[in-house]
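Morning, everyone. Let me put the model on the screen, and then we'll walk through it.

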Amino acid sequence: MANYPDKVFLNGEIIPSTEAKVSVFDRGFLFGDGIYEVMLQINGSYFFGQEHLNRLSECLHKINIEYDVTVLPEILKKLVSVSNLEHKDCLIYIQVTRGIAPRKHAFPLDIEPTVMAYALPFLLPEINDKPISVITQKDFRWHRCDIKMTSLLGNVMANDWAIKNGHFETVFYRDDKITEASHSNIFFVKNDVVYTHPADENILNGITRAIVINLCKKNNIEVQEEAIMQSDLPMVNEAFLTGTSTQIAAINMIDDHVYIKNNKIGPITKKIQQLFLNLKNSQTKRLPQVS
Ligand code: PMP
């Protein structure tokens, strides 16, 4: 099946995906009441796997789903193996929903979560060297964007609008502050300083975002976790998106503001892309599998 995995992990078993069935009373189906995570295996090991599992655990805790993520590395190891993806680059998707219960907003505490995961081949370029364009939209999502929940309708609508209009992403603003994009975080460079929105309830604290901030700090690039205002956009010199599958994507245009001409990526974005590549190579060679 194109783009579908052959095998999925569902509630303790690895089974053919065509046989994987979930109740219509699962709260994930009824309410989008669940948390998900996406991580990559690169050169045979998980790229910042522990950080992804920690975020999954923290988000589950925030919405009061009890699930011990420490069982996952063993499960994922088997899943990757039966998916014939051992030592291959792949994407791992995990979702934990609250489970099955009669439909009521308030949730019972004594139900078993529904746990599903799969792995798919996923090849990334060493460096994402194709600049992309984005458009902006008022952030019409809720006020807990720090929770990586499966109910992604706001993000889905925003991204669909971008794609249908020939852009890669929609970038949100809230009260004039640029927050993040529909499936990525956003960084700006202004007068040699790198800016990104602080990790509060208005954005998802991306693992790639944290990696980039650390890379800047370690390499004497000044970085501020401070929002750029919409009115700052004409003064910005460079802009880029970050995300697990996006990696670091230079932005050539935000609405009518042009940042890159002739695909010539700005010097600080380029440097960070190179540092990210070096890190990817060193991490994936050095770190053992999450266990
Ligand atoms: N913001 C949103 C809304 C996201 O969905 C994502 C993940 N695709 C990100 C930021 C980037 O997070 P990460 O670097 O952990 O993939």
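Which domains does the domain assignment of the protein give? Domain 1 covers 7–121 and domain 2 covers 132–281. Those bounds come from an automatic or database domain assignment.

Ground rules. This is a predicted model, where local features need pLDDT of at least 70, side-chain atom pairs count only at pLDDT 80 or more, and totals for chains, interfaces and linings use all residues. Residues are numbered from 1 along each chain as its sequence is written, and side-chain values use heavy atoms, with hydrogens and water left out.

Now the two domains together. Their centres, taken over C-alpha atoms, are 27 Å apart. In contact (heavy atoms within 4.5 Å) are 22 residues from domain 1 and 18 residues from domain 2.

Next, area. About 1,600 Å² is buried between domain 1 and domain 2, and carbon and sulfur atoms give 69% of that. Buried area here is the accessible area, with a 1.4 Å probe, that two parts lose on being put together, summed over both. On the domain 1 side, Tyr36, Phe47 and Arg55 supply 36% of the area buried against domain 2, more than any other three residues.

The cut-off is a side-chain nitrogen of Lys or Arg within 4 Å of a carboxyl oxygen of Asp or Glu. Lys62 and Asp146 form a salt bridge, with their closest N and O atoms 2.9 Å apart.

Which elements of domain 1 supply at least two residues each to the side that touches domain 2? Strand E3 (34–42), helix H2 (49–62) and strand E5 (90–97). These are DSSP runs numbered from the N terminus: helices are H or I with at least four residues, strands E with at least two. E3 gives the most, with eight residues.

Last, the ligand. 16 residues surround the ligand, with Arg55, Glu180, Ile207, Thr208 and Thr244 the closest; the cut-off is a heavy atom within 4 Å.
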